[in-house]
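Here is a short tour of one protein model, written for someone who likes to have the structure open while reading. Take a look at it first, and then we can go through it together.

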Amino acid sequence: MAITIYPDRAAWLAGRTGPDYPIGASEVAVALGLSRYATPFDLWRRHRDPRWRPDTGAQLDDGQRWEPLALRLHDPPQRTRLYVEPLAVASHGCGWLRATPDAWILPDGGTAQAPAGLVEIKTDRNDGASEAWPADGTEVREFSDADGCPVPPDYWMQVQAQIACTGAAWCDLVVWIPAFKAMPERRTIRVYPSKRWPAILAALSVWRERHLVGGEPPDPTSPEEMEALARWRYPAPAIKREATDEEAALIRTWIEARAERDSLDGLISKTRGAFAALRGDAQRIFAPGIGAWSISNNGAQSVKALEK
């Protein structure tokens, strides 16, 4: 296993593409057509069309909001400790499969090179989520069982890929199920390695070679994807001219603003992870002359600067 720690979120995002066409653990189900939130065409377009940016929905926003509280409440096994490094990426032996666990469970005195387990946090706000998920404390190896209480295949495949990349013996899948005007329900499902994984990895490797390395686009699944494929196959002739002074100034402003935004996003992500690891039981941290950071009972975070 190889571990890479990125300095900020912008560098981590940039590392998701490249000549080796990496696939992240959360993208395994996407490539195989088993994701509820993205399609194989989306994944192909992210590698082949750098101008394309996916929309981020409420599901992702919820996950970022609840993650620090979930990590704070998580109780690792005895003789282990929780290690939170949000931008630590582990690579599988094949090189192109990578995983970014939300947290690592390390033996006392051990390092991330030999984790005991992992923690992955999800939020499920779909109708019927409370009945769909296994009970708190359930242990599973497969995404479904004889009782018909499944772990969604896309989450299950992500966890299996994380286990394969890190060599961990298990992963605690912590699920938040929001409730109306109440504290969300929290369930922890311990997922162990599955015998299905070699077949999944083989299918994923074939898909990557054909569509990412070979460049063949997957079949589009919507009118918007069909239109995107048509634009890619039959590009309009490029018309180029030199920018006016006003246009050049706008281009410069846009490039500088985007770079500043990416830098700030990375700093916010790094700061959030640092607070999760350092703040202990404190719900509010006050910095005299600067401001305060606080977390409410429902997990919402806020930072307020002192009025001048």
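Arg-208 sits in helix H7, which covers residues 197-213; helices (H or I, at least four residues) and strands (E, at least two) are DSSP runs, numbered from the N terminus. This is a predicted model, in which local features need pLDDT of at least 70, side-chain atom pairs count only at pLDDT 80 or more, and totals for chains, interfaces and linings use all residues. Residues are numbered from 1 along each chain as its sequence is written, and side-chain values use heavy atoms, with hydrogens and water left out.

Is Arg-208 buried or exposed? Its relative accessible area is 8%, so Arg-208 is buried (buried is under 20%, exposed over 50%, partly exposed in between, with a 1.4 Å probe and protein chains only). Beyond its neighbours within four places in sequence, Arg-208 is in contact with residues including Asp-20, Tyr-21 and Trp-96 (contact is heavy atoms within 4.5 Å).

Asp-219 lies in the loop between H7 and helix H8 (223-233). Here is how the two residues line up:

| Residue | Relative accessible area | Class |
|---|---|---|
| Arg-208 | 8% | buried |
| Asp-219 | 67% | exposed |

Asp-219 and Thr-39 are 180 residues apart along the chain, while their C-alpha atoms are separated by 9.7 Å.

Now for the second largest pocket, which holds about 320 Å³ of space. It is lined by 14 residues, and the closest to its centre are Thr-271, Phe-275, Ala-292, Trp-293 and Val-303. Helix H9 (245-278) and strands E11 (284-287), E12 (291-295) and E13 (301-305) each supply at least two residues of this lining. On a 1 Å grid over the protein atoms alone, a pocket is an open set of points where a 1.4 Å probe fits, with protein on both sides within 12 Å along at least five of seven lines; lining residues have an atom within 4 Å of a point.

Stepping back, the protein has nine helices and 13 strands. Buried residues account for 39% of its 308 residues. Of the contacts between residues at least 6 apart in sequence, 65% join residues at least 24 apart.

How far can you trust the model? The average pLDDT (the predictor's confidence in each residue, from 0 to 100) is 83, and 87% of the residues score at least 70. Confidence is lowest in helix H4 (residues 58-73), with a mean of 61, and highest in helix H2 (residues 28-31), at 96. Where pLDDT is low, the predicted coordinates should not be read in detail.

How values were computed. Points joined across faces, edges and corners; volume = space filled by probe spheres on them.
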